[in-house]
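The text starts with the overall fold and ends with single residues.

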Amino acid sequence: MTPEEIQTQLKQLERKLLASNDPDVSAAIEQSIAALRKLLPVSEPPLVPEEADDWVAPTPAQVDQAEQLIRRARLEQTRGHSQAARQLLDEAQAVAPGSPVVLEAIAD
């Protein structure tokens, strides 16, 4: 399977995941997505990101707001609401981009 085919399947599965309301179906789709991502070739990241000069550390208030969103996302994930959890993590990333707390939560 070529990387392009994998990317196509990933996009299809991600659309299905967003449309799914069933926690069991969502979990199965997430497992399929994880398995496909492992098949993708790993590209070497640049040593210095281009946007590194433009990055501004989030304020303490932004980090606090992001932490609240992350706590809500974890609660939603515990309840089996993967889509809601993903949306809350996306909001946290928008509020405090590059924050270690947000990056850690996304990595989990």
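What follows is a walk from the whole chain to its parts.

This is a predicted model, in which local features need pLDDT of at least 70, side-chain atom pairs count only at pLDDT 80 or more, and totals for chains, interfaces and linings use all residues. Residues are numbered from 1 along each chain as its sequence is written, and side-chain values use heavy atoms, with hydrogens and water left out.

Start with the fold. The protein chain has five helices and zero strands. Read from the N terminus, its elements run α-α-α-α-α. Here helices (H or I, at least four residues) and strands (E, at least two) are DSSP runs, numbered from the N terminus. Of the 108 residues in the protein chain, 25% are buried. Buried means under 20% relative accessible area, exposed means over 50%, and partly exposed lies in between (1.4 Å probe, protein chains only). Contact means heavy atoms within 4.5 Å. Take the contacts between residues at least 6 apart in sequence: 54% of them join residues at least 24 apart.

Now look at one helix pair. The axes of H3 and H4 come within 8 Å and cross at roughly 170°. That makes H3 roughly antiparallel to H4. Axes are lines fitted to C-alpha atoms, for helices over the stretch in contact, and angles run from 0 to 180 degrees between N-to-C directions. Angles over 145 degrees count as roughly antiparallel, under 35 as roughly parallel, 65 to 115 as roughly perpendicular and the rest as oblique. Which residues meet? On the H3 side they include Leu69, Ile70, Ala73 and Gln77. On the H4 side they include Ser82, Ala85, Leu88 and Leu89. The residues of this contact divide into ten nonpolar, four polar and three charged. In this scheme Ala, Val, Leu, Ile, Met, Phe, Trp, Tyr, Cys and Pro are nonpolar, Asp, Glu, Lys and Arg are charged, and the others, Gly among them, are polar.

Next comes the largest pocket. Its volume is about 620 Å³. Of the 20 residues that line the largest pocket, Glu30, Gln77, Ser82, Arg86 and Leu89 are the closest to its centre. Helices H1 (3-19), H2 (23-39), H3 (60-78), H4 (82-95) and H5 (100-107) each give two or more residues to the lining. H4 gives the most, with five residues. The lining holds eleven nonpolar, three polar and six charged residues. A pocket is an open set of points on a 1 Å grid over the protein atoms alone, where a 1.4 Å probe fits, with protein on both sides within 12 Å along at least five of seven lines; lining residues have an atom within 4 Å of a point. Grid points are joined across faces, edges and corners, and the volume is the space filled by probe spheres set on the points.

Zoom in on single residues. Ser82 sits in helix H4. Is Ser82 buried or exposed? Ser82 is buried, with a relative accessible area of 10%. Leaving aside neighbours within four places in sequence, Ser82 is in contact with Ser26, Glu30 and Gln77.

Ser99 lies in the loop between H4 and H5. It is buried, at 2% relative accessible area. With neighbours within four places set aside, Ser99 is in contact with Pro58 and Val63.

His81 is in the loop between H3 and H4. At 39% relative accessibility, His81 counts as partly exposed. Ala19, in helix H1, counts as exposed at 58%. Ala19 and Gln83 are 64 residues apart in sequence and 8.8 Å apart in space, C-alpha to C-alpha.
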